[in-house]
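Here is a short briefing for a first look. Keep the structure open while reading.

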There are 4 protein chains.
Amino acid sequence: MTKLSIIYYSSYGTAHQMATRLARTAESQGAEVRLRRVRETAPDEVVQSVEGWAAHAASVADQPVAEPEDLAWADAVIMGSGTRYGHVTSQLQSFIDTLGPLWQEGRLADKVYSAFTSSQTLHGGQETTLLAMITTFAHFGGIIVPPGYTDQVKFNDGNPYGVGVVTGAGGVDDAANDALDHMVTRVLTIAQRLES
Amino acid sequence: MTKLSIIYYSSYGTAHQMATRLARTAESQGAEVRLRRVRETAPDEVVQSVEGWAAHAASVADQPVAEPEDLAWADAVIMGSGTRYGHVTSQLQSFIDTLGPLWQEGRLADKVYSAFTSSQTLHGGQETTLLAMITTFAHFGGIIVPPGYTDQVKFNDGNPYGVGVVTGAGGVDDAANDALDHMVTRVLTIAQRLES
Amino acid sequence: MTKLSIIYYSSYGTAHQMATRLARTAESQGAEVRLRRVRETAPDEVVQSVEGWAAHAASVADQPVAEPEDLAWADAVIMGSGTRYGHVTSQLQSFIDTLGPLWQEGRLADKVYSAFTSSQTLHGGQETTLLAMITTFAHFGGIIVPPGYTDQVKFNDGNPYGVGVVTGAGGVDDAANDALDHMVTRVLTIAQRLES
Amino acid sequence: MTKLSIIYYSSYGTAHQMATRLARTAESQGAEVRLRRVRETAPDEVVQSVEGWAAHAASVADQPVAEPEDLAWADAVIMGSGTRYGHVTSQLQSFIDTLGPLWQEGRLADKVYSAFTSSQTLHGGQETTLLAMITTFAHFGGIIVPPGYTDQVKFNDGNPYGVGVVTGAGGVDDAANDALDHMVTRVLTIAQRLES
């Protein structure tokens, strides 16, 4: 039974919606899944001052937060984050910055890794944010499995580096869900081949 | 009189040392300089648990922290950060994540930007971290001025994207100081040409 | 009078159309423009075997090809290329590979640089191809002027790193032309401020 | 028996030396290896005008050149190239540009990929060139296996994205050979786990 950790940060809910889709599809295929949001690092008064942000934070308040051990446990890891000027959010980066001890012990290596993102505008850093995560996975010594164009659905969503959703356009629409399903299925398939 | 903001994060002092060198050289050339460390976002018990980190934090405790307004004020901005798996630190990214209001008003655009970094190992993400900052500057609508090989000193330090110091090797040695002096001089020269 | 070189490679005509738009807008603003296609490097039988490629090649056969000297001459350079797996085309890279002598003499430095691209699919490497050119400009010691979001038109085309056209979608439509006009106007404005 | 293709371009022999080391190590571990240089695309008079380039070209003239089919045949592919302003050489890119038909048939996907490079100066684009190849592998739908820091030898050579040699420093020294041996061993191990 393949162990999959989905580690993400979501301000307004789009990345959360994508992560949840990945988790359900993975579970329906028999994977053991840890769906984990990273800890909020913005001051609470900042979060509360933005309606959509506060609402999403409240809605996931009782859900488990990611710990480094969730990476060590997993056979495969999918990370997700909104984009901030061509990067992952500082919240996800804060989590990544705590992985030093596991990294030094080599416990992040040789796992399957893939990534997803969302942004407000069409090209507002989707590719660069996904490549930022791929760069991080290389430091981990990961086995990186971006979707490429390995299925016809990728010619709809068009992003070979991972799955990206434009919130200002369709949001998590059918094309996005198809791309998410394809990505997680491929990640699990390759993780299983590696285990056998 | 050119206004230069140097915005950086330093855990153990190397980036602080680089930033201070940039500030002194800029001031000796008549620039008005704001030398600003970004706020620490790691929990205090984490900082205190690492000797070198705690010591550096104590030594800069009374120095001013960066505010978004320090970017709006400046004609030129040099950012610096250690590397974390091919990225800037989450501390610097946290600061960048607060720039939304200024960005929306277009107040980050049309300034001169350049970057520096430090890492433990030789190729441990120095180029990728500098390019991550360049990517962010592109989102700002900045006028990006990496050093390239515009002086003989760059063939010693070898990094065209900014200035990088390997702490595990020589640290901030003469070649690094030469490269820092060259970078800030070039940034100021181009900022002055743009103002006139 | 600002000297602008537009250096591009086009297989099927989209990048050519974009380059021509940039040239006309620049000339209407009083710039002296060199519009230069890079030399085809694919074997002639390959070009002739693809109808659209052969047709475009024939249509530009009498137009001047780029020489390294066109960069040395210019105050500002805009480069363009289709994308090939997240990179510029080998034709543009072949031209770049011939710039060694100019680079060693420092004659590529301190010019304003910006970039454009086109691709078949939505996210098929547009950001990465533009960043590849920005990376090259850093090696040149260029003054890099990506558009960012410095005008409302950029929220339509959405790409802060340059201008990208999706040929499979609208092609060089009004939003693309607006983005091209904005980019070249900004490049010329900054080049003029640097000259004065 | 794992099939490994090593596809590289070398002007002066460093990448050739690295590729040869990879091939010998792989063969000693029982892999079936195709060691293939990509076709020279620079005009012959240019090659002949540079002593070291002409000498290396003559020394490999009778060795087989890479064909797209060498990728389709392989279970694992390691690509190598010198750096050109933060990119692969146009010679390697020219080969990549011919892969369209295989790519469209999905015959580049689901293979193990890794990369190596060499450059004259220390940080002269080693990381960016390796990431450029990683970006290309993502378009292929590859299973990307960078070395990370999965062995102590990587703390000597320091590059998590692949193996890089600085020709102006030690060249292909013991640390480089160790890093090459480690990379190819890991690539073969993962390819074998995927096959089983």
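Predicted model: local features only at pLDDT ≥ 70, side-chain atom pairs only at ≥ 80, totals over all residues.

Chain A superposes on chain D with an RMSD of 0.0 Å. Chain C can likewise be laid on chain B with an RMSD of 0.0 Å.

**How the copies are related**

- Chain A reaches chain D by a rotation of 180 degrees, with 0.0 Å of shift along the axis.
- The two copies are therefore related as by a two-fold rotation axis.
- Both use the same surface: 100% of the contact residues of chain A recur in chain D.
- For chain C and chain B, the turn is 180 degrees and the shift along the axis is 0.0 Å.
- Here too the same surface serves both copies, as 100% of the contact residues of chain C recur in chain B.

**Where helix 7 of chain A meets helix 7 of chain C**

- Each of these helices spans residues 126-140.
- Their axes come within 7 Å and cross at roughly 80 degrees.
- Angles of 65 to 115 degrees count as roughly perpendicular, so helix 7 of chain A and helix 7 of chain C are roughly perpendicular to each other.
- Chain A contributes A:Q126, A:E127, A:T128 and A:L131 to the contact.
- Chain C contributes C:Q126, C:E127, C:T128 and C:L131.

- Helix 3 of chain D covers residues 51-59, and its buried residues are D:W53, D:A54 and D:H56.
- These residues lie on the same side of helix 3 of chain D, because they cover an arc of only 165 degrees around the axis.
- On the other side, D:E51 and D:A58 are exposed.
- The buried residues of helix 3 pack against strand 1 (3-9) and helix 1 (14-28) of chain D.
- They also pack against helix 2 (44-48) and helix 5 (90-97) of chain D.

- D:G80 sits in strand 3 of chain D, which runs over residues 76-84.
- Buried means under 20% relative accessible area; D:G80 has 0% relative accessibility, so D:G80 counts as buried.
- Beyond its neighbours within four places in sequence, D:G80 is in contact with D:I7, D:Y8, D:Y9, D:L92, D:F116 and D:M133.
- D:G80 and D:S118 are 38 residues apart in sequence. In space, their C-alpha atoms are 8.3 Å apart.

Conventions. Residues numbered from 1 in each chain as written. Chains lettered and ligands numbered in written order. Heavy atoms only, no water. Least-squares fit on C-alpha atoms with pLDDT ≥ 70 in both. Contact = heavy atoms within 4.5 Å. Buried < 20%, exposed > 50% of the residue type's maximum accessible area, 1.4 Å probe, protein only. Helix = DSSP H or I, 4+ residues; strand = E, 2+ residues; numbered from the N terminus. Arc of directions from axis to C-beta. Axes fitted to C-alpha atoms, helices over the stretch in contact; angles between N-to-C directions. Parallel < 35°, antiparallel > 145°, perpendicular 65-115°, else oblique.
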